Amino acid sequence: MTIVSTIRAALLAGCAAALFTASAGAQEIRGWNTHAPDYPVSVAMDHFAALVAERTGGRITPKTYHSAQLGEQDQAIEQMQFGGIDYAVFNLTPLNNLVPETQVTTLPYAFRSVDQMHRVVDGPIGAEIAAAMEQVNMVGLAWYDSGARSFYAKTPLASVEDLKGLKIRVQNSDVNVAMVEALGANATPIPFGEVYTSIQSGVVDGAENNWPSYESTAHFEVARHYILDQHTIVPEIFAVAKTTWDKMTADDQAIVRQAAIESAGLQRRLWAEREAKSEAIVRAAGNTIVELEDKTPFIEKMKPVYDKFVTSDKLRDLLARIQATE
Ligand code: BDP
C-alpha cells in the first residue's frame with residue numbers, strides 16, 4: 001500500500017465513521033402512497049416529509065414511496081399492522097371491512113357536499129373516526145380530500161338505467177359492492193393499479209372515481225362516458241402505524257402531527273386546482289360528460305345500502321350526527 005492510498009483509506013474510514021455518527025439515532029420512516037408523484041396527495045406527502053426532516057433536525061426522515069411501489073392499498077393496510085410501512089394516506093373505502101366506523105363515510109350520498117364533509121372530518125366526528133383506526137394499528141392525524149366519485153363506462157351513460165347489467169369495478173369494500181348491485185350492475189373488486197387493463201381488456205365495462213383519478217390513470221381514455229352522479233365523497237386519512245408512533249417522543253409526535261395537518265392544508269388547495277385541470281383534460285379529449293340536475297333516481301336506488309350497513313346503534317348515531325352537520 002502506498003502512502004497516498006493509506007492516507008486515502010484512512011480518510012474514507014474517517015468519513016464513514018462521521019457519516020455513521022451523523023446518522024446514529026436518525027430514523028428513516030417509510031410511507032405508502034398509491035398515486036403518481038405529481039398527484040395532489042403525493043406532493044402533499046412530500047411536503048410532510050420535508051417538514052418533519054427539517055423540524056426534527058434530520059432525526060426522523062420520512063420517505064414516501066409513490067405509485068403503489070410498496071403494494072396496493074389492501075397490502076399496505078396489512079403492512080401498517082406488521083411494521084413494513086410507517087405512514088400512509090388511505091382512502092377510507094378499503095378500510096370499510098376492517099373498521100366499521102368508516103362505512104358511514106362511504107355510504108352513497110352520506111355527505112351533501114365536499115364542504116360539509118370537511119366540517120365533519122375536521123370536527124369531533126373526524127376525531128372519533130380517526131380514533132377508530134386504532135383497530136388496525138393506525139393513528140389518524142389529518143384528513144385529505146378526494147372529491148366526489150361518479151361512474152364511467154365504455155358505453156353511454158345517460159341515466160341510472162344505463163348502469164343496469166354492466167360490470168363495474170369497485171374498491172375492496174362490501175359497501176361498494178352493495179352500492180353497485182343496488183343499481184342492477186355487477187360489482188367486481190379490483191386493485192386500483194389493475195383497473196386500466198381491466199377496462200381495456202373488457203374484464204369490466206367501467207368503474208367509478210373522481211376527476212383527478214379518472215384522468216391521472218388514463219381510465220378516461222378507455223371508458224369515455226362519465227355521468228356525474230357524485231354518489232360518494234370519501235375522505236382520505238393521513239395515518240401513522242401505531243407501533244411507529246409509540247416509539248416517538250411526545251415532542252416528535254407533536255412535530256409529525258403538525259406536519260400532517262399542514263400537508264393536508266396544502267393537499268386541499270392542490271386538489272381544487274387538479275380537479276379543474278383534470279376536468280379540462282377530459283373534456284378536451286371529447287369524452288361524453290353527463291351532468292345531472294336531479295340525482296333522485298340514484299339516491300332512491302341506493303337506499304337499500306343503508307338498510308344493509310347501518311344496523312347498529314353506534315353507526316345509526318354516527319350517521320345521524322353526520323347528517324345533522326350543516
Ligand atoms: C382514488 C383514491 C385512491 C383509491 C382509488 C381507487 O385516491 O386512494 O385507491 O381512488 O379507486 O380516488 O382505488
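Asn91 touches Gln73, Ser146, Arg149, Gln171, Val234, Pro235 and Glu236, leaving aside residues up to four places away in sequence, where contact means heavy atoms within 4.5 Å. This is a predicted model, in which local features need pLDDT of at least 70 and side-chain atom pairs count only at pLDDT 80 or more, while totals for chains, interfaces and linings use all residues. Residues are numbered from 1 along each chain as its sequence is written, and side-chain values use heavy atoms, with hydrogens and water left out.

**Asn91**

- Asn91 counts as buried because its relative accessibility is 6%, the cut-off for buried being under 20% relative accessible area with a 1.4 Å probe and protein chains only.
- The side chain of Asn91 reaches the backbone nitrogen of Thr93 at 3.1 Å.

**The ligand and its surroundings**

- Around the ligand stand His35, Gln73, Asn91, Arg149, Arg169, Gln171, Phe192, Asn209, Asn210, Ser213 and Glu236, a residue being included if one of its heavy atoms lies within 4 Å.
- The shell around the ligand divides into one nonpolar, seven polar and three charged residues.
- At least three residues of this shell come from each of domain 1 (3–146 + 234–276) and domain 2 (149–233 + 277–324), with bounds from an automatic or database domain assignment.

**Distances to ligand oxygen atoms, and cover**

- An N or O atom in the side chain of Asn209 is 2.7 Å from an oxygen atom of the ligand, and for a polar side-chain atom of Ser213 the distance to a ligand oxygen is 3.1 Å.
- An N or O atom in the side chain of Glu236 lies 2.6 Å from an oxygen atom of the ligand.
- Of the 320 Å² of accessible area that the ligand has on its own, the protein covers 97%, as computed by the Shrake-Rupley method with a 1.4 Å probe.

Terms used: Buried < 20%, exposed > 50% of the residue type's maximum accessible area, 1.4 Å probe, protein only. Polar contact = N/O pair within 3.5 Å; in protein donor to acceptor, adjacent residues only side chain to side chain. Nonpolar A, V, L, I, M, F, W, Y, C, P; charged D, E, K, R; others polar.
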